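Welcome to this short briefing. Have the sequence and the 3D view open, and follow along one topic at a time.

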Amino acid sequence: MKLIAYLDGIGLVGPGLDNWLAARPILAGTIPYESRPLTVAAPPSLPPAERRRTGLAIKVALAVAQEACAAGQLDARQLAAVFSSSGADNDNCDAICKTLASNDRSISPTRFHNSVHNAPAGYWGIASGAMTPATVLCAHDGSFGAGLLEALTQVAVEGWGTLLVTYDMPYPEPLHAKRPLPAAFGIALALMPERSAQSLARIELSLDDAAPDALAEPGLEALRRAIPCARGLPLLQTLARGEGGKVVLDYLAPLSLAVEIEACR
Amino acid sequence: MLNSLWLSHFTAASCLGHGLAPTLAALLAQKSELVPCAFATVTDLATYIGEVAGVDEAPLPASLAEYECRNNRLAYLGLRQDGFNAAVGAAAARYGRRRVGVLLGTSTSGILQTEQAYRRRDPSTGALPDDFIYRTTHNTYSVADFVRSAFNLEGPAVVVSTACSSSAKVFASAARMIAAGVIDAAIVGGVDSLCLTTLYGFNSLELLSSEPCRPYDADRSGLSIGEAAAFILLERPAASLDADAVLLLGAGESSDAHHMSSPHPEGLGARMAMESALKAAGLQPADIDYINLHGTATPSNDAAEGRAVAALFGDTVPCSSTKGATGHTLGAAGGLEAVISALALQQGFLPGGVNTRRVDPGIPVQYLTANREVAPRRVLSNSFGFGGTNCSLILGRAQ
């Protein structure tokens with residue numbers, strides 16, 4: 001079976017990359033890339049109580065998820081979701097570990113329920129109302145590839161429209177020294193089984209063992225190397241240029257992922 | 001509808017014992033192995049736990065030493081049971097090392113390692129100790145990476161971490177990968193281990209029972225946390241199967257879209273997962289002979305799940321939760337309960353729920369409090385997690 005999907009919407013947030021529309025000319029190379037701290041707000045679609053409880057990972061995940069759905073004119077309640085991240089709410093993880101190492105181990109209920117790897121997916125469900133299947137993955141530095149592979153098998157085998165949401169955020173010290181992630185980042189792709197008026201490209205995925213593509217722009221390449229979900233950037237760069245062709249993305253050694261891209265417009 | 005897949009080999013380690021034989025013996029004897037919590041330095045919580053014996057005494061081999069943590073030790077212990085090691089080796093030889101996937105569930109990963117490392121931070125700099133390795137212990141992917149490395153596999157691998165449905169959802173993902181032809185076989189299941197985060201976390205939510213948990217009891221007062229490793233080798237059915245071979249007939253997934261730590265009060269998401277599993281298997285509710293409930297023994301979980309089961313099955317299908325025996329093994333629960341369901345199918349009995357004295361009269365399902373000597377042909381197993389992630393599996397005998 002071929003792993004084929006139509007890409008109907010893209011969401012992107014990263015340092016110096018505010019959203020997909022703003023980032024497209026930067027990735028295409030027509031505007032220079034300039035790094036600056038990322039800003040992202042909690043989505044207004046969350047009820048106030050949940051909005052107060054959202055950390056950076058949740059904000060990034062929900063921002064790119066919403067951007068991809070809006071761009072594809074898609075109803076999130078009709079889409080399955082694949083969330084994939086190397087970590088989760090890493091500030092929350094540090095706070096819990098500090099409390100558990102102290103003399104008073106009482107952690108708050110909110111800290112605990114935000115500690116699960118699937119917290120962003122849970123908040124997405126509450127924000128979007130989607131009762132469709134949502135899975136949440138981790139493959140360390142291969143998390144973007146693992147998410148893309150799961151999403152493509154859902155589209156190809158189940159015939160679902162699937163929203164892939166990949167995101168990462170830095171750890172504070174002392175974990176940062178052990179796992180140095182320099183910035184938060186998020187990429188979402190709305191992947192559909194049929195071509196529509198919104199379709200940007202048709203993609204076909206296969207396992208490969210070629211070396212992953214690098215980016216020519218040094219600042220973007222530094223992000224790709226340092227942040228697991230940013231390893232999807234070569235795919236976004238080809239899409240930003242409106243080109244077709246083949247890109248090779250990082251996955252789990254010795255495997256990489258080859259993506260054949262055919263532009264739809 | 002996906003084609004059925006064969007659970008060609010499986011094993012589990014929980015507080016009931018190491019491997020299938022002691023697990024089966026404990027189920028047949030309706031034993032609970034929950035004990036008062038004295039795990040690590042946790043002596044201030046009045047709760048019961050299901051601890052796997054001998055994890056601390058089972059270090060990893062030198063070649064895998066960088067993966068040292070309780071979660072991976074428990075995984076390694078599980079892999080060496082019931083000939084599972086050899087079965088994976090044979091599958092890798094038959095299909096190729098790139099054609100065997102590793103899809104495992106965990107919620108804890110090796111977080112205990114980090115919790116302990118935070119106690120050993122450098123007093124002046126706050127730095128974590130040099131011997132702490134993030135990637136191979138703390139990171140949520142660690143256990144799948146460990147298993148992939150232990151077997152020298154080179155195929156797709158991933159951890160699914162959707163809290164307490166994690167190791168049920170891996171069956172659905174693996175089935176899709178096999179259907180798509182990406183792999184020919186998969187190691188699925190899950191590993192979850194005791195740690196301070198879950199013990200103090202569930203305590204903060206006031207969800208820990210001060211006695212061994214009593215699923216579906218009118219006086220249930222919360223859960224007992226357990227730990228487990230469960231591994232299943234999933235592949236396409238052999239040309240001829242023994243009558244007692246166990247097949248994955250269908251899987252169903254849904255989301256509650258309701259609340260981070262409380263289930264949908266009407267069990268709507270739970271019902272959708274069960275309906276979807278039935279549809280995937282091409283079955284009707286009347287085709288199910290036993291339901292292994294999620295049954296955590298928290299007041300809200302059992303009420304919501306019970307409503308969903310009653311709405312779909314009425315009170316005609318015998319059901320029980322085996323968490324009174326094993327505790328709630330969180331990210332390993334789906335895998336462990338799939339193994340228990342497979343044992344029920346092979347051995348021809350319905351496991352009664354232990355610790356439950358008076359079944360909640362407000363939950364109109366046929367809850368078993370004693371084993372029943374009835375041979376089920378098809379079993380449904382429920383796993384529901386924080387964040388409203390639901391998964392139901394249907395397993396059946398080949399004949």
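**A guided look at two chains**

B:Leu330 sits in the loop between α11 (323-326) and α12 of chain B. The model is predicted, so local features need pLDDT of at least 70 and side-chain atom pairs count only at pLDDT 80 or more, while totals for chains, interfaces and linings use all residues. Residues are numbered from 1 along each chain as its sequence is written, and chains are lettered from A and ligands numbered from 1 in the order in which they are written. Helices (H or I, at least four residues) and strands (E, at least two) are DSSP runs, numbered from the N terminus.

**Loop residues with positive phi**

- B:Leu330 has a positive phi of about 50°, although it is not a glycine.
- Is B:Leu330 buried or exposed? B:Leu330 counts as buried because it has 33 C-beta neighbours inside 10 Å.
- The cut-offs are these: a residue is buried if 20 or more other C-beta atoms lie within 10 Å of its own, exposed if 12 or fewer, and partly exposed in between, with C-beta atoms placed from the backbone.
- B:Asn152, in the loop between α6 (142-150) and β6 of chain B, also has a positive phi, near 55°, and is not a glycine.
- B:Asn152 counts as exposed, because it has 9 C-beta neighbours inside 10 Å.

**Two crossing helices in chain B**

- Two packed helices are described by the angle between their axes and the distance between the axes.
- The axes of helix α1 (residues 20-28) of chain B and helix α12 (residues 333-347) of chain B come within 11 Å and cross at roughly 75°.
- Axes here are lines fitted to C-alpha atoms, for helices over the stretch in contact, and angles run from 0 to 180 degrees between N-to-C directions.
- α1(B) and α12(B) are therefore roughly perpendicular to each other; angles of 65 to 115 degrees count this way, under 35 as roughly parallel, over 145 as roughly antiparallel and the rest as oblique.
- On α1(B) the contact is made by B:Leu20, B:Thr23, B:Leu24 and B:Leu27, and on α12(B) by B:Ile340, B:Leu343 and B:Gln347.
- Two residues are in contact if their C-beta atoms, placed from the backbone, lie within 7 Å.
- By class, the contact of α1(B) with α12(B) has 5 nonpolar, 2 polar and no charged residues.
- Ala, Val, Leu, Ile, Met, Phe, Trp, Tyr, Cys and Pro count as nonpolar, Asp, Glu, Lys and Arg as charged, and the others, Gly among them, as polar.

- Helix α9 (residues 268-281) of chain B has 14 residues, which at 1.5 Å a residue should span 20 Å, and its end C-alpha atoms are 20 Å apart, which agrees.
- The expected span is 1.5 Å times one less than the number of residues.
- How many of the 14 residues of α9(B) are buried? The count is 12, so α9(B) is mostly covered.
- Among the buried residues of α9(B) are B:Leu268, B:Arg271 and B:Met274.
- The buried residues of α9(B) pack against β10 (246-255), α10 (299-313), β14 (378-385) and β15 (389-397) of chain B.
- Just after α9(B), B:Gly282 takes a positive phi of about 65°.

**Strand pairing**

- Two strands pair if DSSP finds at least two bridges between them.
- In chain A, strand β6 (residues 201-208) and strand β8 (residues 256-263) pair in the antiparallel sense over 8 bridges.
- Strand β7 (residues 245-250) of chain A runs antiparallel to β8(A), joined by 6 bridges, and a hairpin links β7(A) to β8(A) through 5 residues.
- A:Val259 in β8(A) is the bridge partner of A:Leu205, and A:Val247 also stands opposite A:Val259.
- In chain B, an open sheet of 3 strands has the order β3-β4-β8, with mixed pairing.
- β3 (35-36) and β8 (225-226) of chain B stand at the edges, each with a single partner strand, so one side of each is left without a neighbour in the sheet.

**Cis peptide bonds in chain A**

- A cis peptide bond joins A:Ala253 and A:Pro254, with omega about 5°; A:Pro254 is in the loop between β7 and β8 of chain A.
- Another cis peptide bond joins A:Glu173 and A:Pro174, with omega about 10°.

**Where the chains meet**

- The contact takes 54 residues from chain A and 53 residues from chain B.
- The largest share of the side of chain A that touches chain B, 8 residues, comes from α7(A).
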